[in-house]
Amino acid sequence: MATKPPKDDPVQDAPQVAEPKHAAAGLPAIGHTLRIAQQQMGVKRTALTLLRVNQKDGFDCPGCAWPEPDHRHKAEFCENGAKAVAEEATLRRVTPEFFAAHSVADLATRSGYWLGQQGRLTHPMHLAEGGDHYEPVSWERAFDIIAEEISALGSPDESVFYTSGRTSNEAAFLYQLFARELGTNNLPDCSNMCHESSGSALSETIGIGKGSVLLEDLYKADLIVVAGQNPGTNHPRMLSALEKAKENGARIISINPLPEAGLERFKNPQTPQGMLKGAALTDLFLQIRIGGDQALFRLLNKLVLETEGAVDEEFVREHTHGYEEFTEAARAADWDETLRATGLSRTEIEQALGMVLASERTIVCWAMGLTQHKHAVPTIREVVNFLLLRGNIGRPGAGVCPVRGHSNVQGDRTMGIFERPAPAFLDALEKEFGFAPPREHGFDVVRAIRALRDGEAKVFFAMGGNFVAASPDTEVTEAAMRRARLTVHVSTKLNRSHVVTGARALILPTLGRTERDLQVGPDGKSAEQFVTVEDSMGMVHASRGRLAPASPQLLSEPAIVCRLARRVLGADSKVPWEEFEKDYATIRDRIARVIPGFEDFNARVARPGGFTLPHAPRDERRFPTATGKANFTAAPVEYPELPEGRLLLQTLRSHDQYNTTIYGLDDRYRGITDGRRVVLVNPEDARALGVTDGSYVDLVSEWKDGVERRAPGFRVVHYPTTRGCAAAYYPETNVLVPLDATADTSNTPASKSVVVRLESALEGLPKPRPEARLEQSATD
């Protein structure tokens, strides 16, 4: 049972629907965790593996980037983290025999869920030009193929090097070093699709594109605002931190178009009382209209300005710039416009103001609900204005807290995975390694897709991730990928990107976080290596796998980059790639000399728990911006306009997924089981539009200049969303987001505010197939 993947691809468009839950975690989460872990790993392997997750001498969870407390529970993982570990440490295997039995055309008809459930990749695989099956290939030949295609390019800028947030610091540093020695800054990464708006806004306003709080600050806060975020599904261990903050007296405001079970009540599975009763978390729920957050914070800022003694005038005078222009814009905020933009009542906003004024230490946390709109960057700037007004940056228990997704997505950026690198970083690389890195900016994700579409890029290399499924405008993205000469994916498991290929394709299997990494050192003996990651709050720590690799054919990510660089760059390279492959400590020595904050890297990361990177705004109220101060901003208020008869759709995760990885077909907290093709619609909106609960519709997105996209066959589910708003899961609805529908400044896809109409699906309505239901999707 533990090693058997599903034989048939289960139906995903005929779910069962029940009432949504009003509490998260508890006994059901424990049961679900153990069931999935045992199905993938077996009983003994489950116990040995899960007890090492997020421990100081263990491995970092391959899921989210939420930080660990200094004093850790023996079970320092959440339900979704356990699912991520189980799928990586699974006993299921995808061997050359699997690929011989399944053509690429056959695999392309399978769902992402089915592909992921097949298990771990075991051998390098090659799809030859004109071929219909992947075939095994040696590592040496795989690197030869990549070198052949790169050498045939007219310019290094015809290659694209994408990175997932699971890549370690060591691998990310080597990866960007290789790309830049090759001669390109085409280094798009998953940040471009999620928190790029946060980085853009924070870099401009406080001088560092990262959050300014540590985990301990949450425990000291008087008020925590959680906006556009669902911790119960996306960062479940955050609920423990919010529970502790509440015990210490904090109050919590939740701002979201959907009620989220985890923010209503958290049943902590690590304590008997938590499992049985739980803790109410939210003190005030503001069920906002999608995209209305900037208007809300602008009005709150106006009301703070109008309250005598509410502004921290000393902080504003000594540490900020642009206050006068900001106050002029804020005082012009209009109540009627704000109520229209937010869908909130005057009473609700006044309640929020009272909580703001009563707090001396305020933190604002946010995620994709703020970052994936056309006006995302001005929205986050307004959040910064809100905190600056009362001196809530650089004070214990206060600050900005963008909650990052993948476990090392922040570390990747710190290591130089960025298409627009700072000149100082390139200067440091040049000084350390003796070559001149390119200075021209490269492609981010959206620009990379355009370049592939237009024939300006011909080689696509992905270090992890599932680029095709994660990107917007699915049909355009897939067509662009098929125009490439070569697509390469460094992966642990199968995903959709492996079956949407260029003329030639490679799958390069790599070690996972859970696995032991042995490299042959200069003395000819095998030496165990470890890697490092940076969490969402700037803590850097080691990660050491302990399981035997899924196959002797696997290479680590650092080894793959080093061997690739040696083959492509040849003897003329100025970088000691062979030395780096044999001993990761030598990589960290170079990182220490190139990247500020990593001085004495090897010694500091050897300490249990690692170390904290410096953060000038937090540590010393110093703001490394163009003005030398924290910058108030005064952008016009924006919010999506909704034509009559249309809905504003946000894409989101189900509880049984992490990013594009689908663990099962249930969204337990929202009452959805056995399916994913659903659209959540307010019952009053549904009645006005003439769609009944259980009916089937096509979702048709409408963008400017008559641009439309269609996602067919979604079951309507009446759900308590904000009026005028709807929600559906990605990646199924990424097809609705046009490639050019992006956030201003950050170029992040605007996936959280898609104007859609619902068209009745009259033909081909799905029929429930209960026999196809998998054990993984059993309800609790």
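F467 is buried, with a relative accessible area of 1%. Buried means under 20% relative accessible area, exposed over 50%, and partly exposed in between, with a 1.4 Å probe and protein chains only. This is a predicted model, where local features need pLDDT of at least 70, side-chain atom pairs count only at pLDDT 80 or more, and totals for chains, interfaces and linings use all residues. Residues are numbered from 1 along each chain as its sequence is written, and side-chain values use heavy atoms, leaving out hydrogens and water.

F460 is also buried. Y162 counts as buried at 3% relative accessibility.

The structure holds 21 aromatic pairs. Rings of Phe, Tyr and Trp (its six-membered ring) pair if their centres lie within 6.5 Å; planes under 30 degrees apart are stacked, over 60 edge-to-face, the rest tilted.

| Pair | Type | Centre to centre | Angle between planes |
|---|---|---|---|
| Y162 and F467 | edge-to-face | 4.9 Å | 75° |
| F460 and F467 | tilted | 4.7 Å | 50° |

Y162 lies in strand β7 (residues 159-163) and F467 in helix α25 (residues 467-470), so their pair ties together parts 305 residues apart in sequence. Helices (H or I, at least four residues) and strands (E, at least two) are DSSP runs, numbered from the N terminus.

Elsewhere, F98, F99, W114 and Y134 form one aromatic cluster.

Charges also sit over rings. The criterion: NZ of Lys or CZ of Arg within 6 Å of the ring centre and within 35 degrees of the ring normal. The charged end of R604 is over the F611 ring, 4.0 Å from its centre. R653 lies over the face of Y658, 4.3 Å from the ring centre.
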